[in-house]
Amino acid sequence: MFGEKKKKEEPRFVETMVPNEGGCFTRILVDTENGIQYLFVDSSEGGGLTVMVDEDGKPLINEAYRRKKEKE
């Protein structure tokens, strides 16, 4: 009721890295629900989003978010 603090909800996706490559913006996004990482590229000519995979074709997992979810 009054005076209660609501738990701040974490956004579904967080940006972990924003390197700037010439005229192209590259971001790595992490899904906070499962730790899966996505590569997002945006340029003046277009852009795209794809899941990042390891050498076996399995999604790359951000271990910090995976462990965080296991603790909850």
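How exposed is F13? F13 is partly exposed, because its relative accessible area is 42% (buried is under 20%, exposed over 50%, partly exposed in between, with a 1.4 Å probe and protein chains only). This is a predicted model, in which local features need pLDDT of at least 70 and side-chain atom pairs count only at pLDDT 80 or more, while totals for chains, interfaces and linings use all residues. Residues are numbered from 1 along each chain as its sequence is written, and side-chain values use heavy atoms, without hydrogens or water.

**View 1. The whole chain: one helix and five strands.** From the N terminus, the elements run β-β-β-β-β-α. Helices (H or I, at least four residues) and strands (E, at least two) are DSSP runs, numbered from the N terminus. Of the 72 residues, 17% count as buried. The chain exposes about 5900 Å², with carbon and sulfur atoms supplying 53% of that area (Shrake-Rupley method, 1.4 Å probe; for residues, only the protein chains shown count as cover). Among contacts with a separation of 6 or more, 22% come from residues 24 or more positions apart (contact means heavy atoms within 4.5 Å).

View 2. pLDDT is the predictor's confidence in each residue, from 0 to 100. Strand β2 (residues 20-21) has the lowest confidence, at a mean of 68. Strand β5 has the highest, at 93. Where pLDDT is low, predicted coordinates should not be read in detail.

**View 3. The β3-β4 hairpin.** Strand β3 (residues 24-31) runs antiparallel to strand β4 (residues 37-43), and six bridges join them. Two strands pair if DSSP finds at least two bridges between them. T26 has V41 of β4 as its bridge partner. I28 is bridged to L39 of β4. Five residues separate the two strands of this hairpin. In the turn, G35 has a positive phi of about 80°.

**View 4. The β4-β5 hairpin.** Strand β5 (residues 46-51) pairs with β4 over six bridges, in the antiparallel sense. Here S43 has G46 of β5 as its bridge partner. Two residues lie between the strands of this hairpin.

**View 5. The aromatic pair of F13 and Y38.** The structure holds one aromatic pair. Ring centres of F13 and Y38 are 6.0 Å apart and the planes stand at 70°, so the pair is edge-to-face. The pair links distant parts of the chain, with F13 in strand β1 (residues 13-17) and Y38 in β4, 25 residues apart. Rings of Phe, Tyr and Trp (its six-membered ring) pair if their centres lie within 6.5 Å; planes under 30 degrees apart count as stacked, over 60 as edge-to-face and the rest as tilted.

**View 6. N62 in the loop between β5 and α1.** Helix α1 covers residues 63-71. N62 counts as buried, at 16% relative accessibility. A polar atom of the N62 side chain lies 3.1 Å from the backbone nitrogen of A64. Leaving aside neighbours within four places in sequence, N62 is in contact with T16, V30, G35 and Q37.

Key:
Polar contact = N/O pair within 3.5 Å; in protein donor to acceptor, adjacent residues only side chain to side chain.
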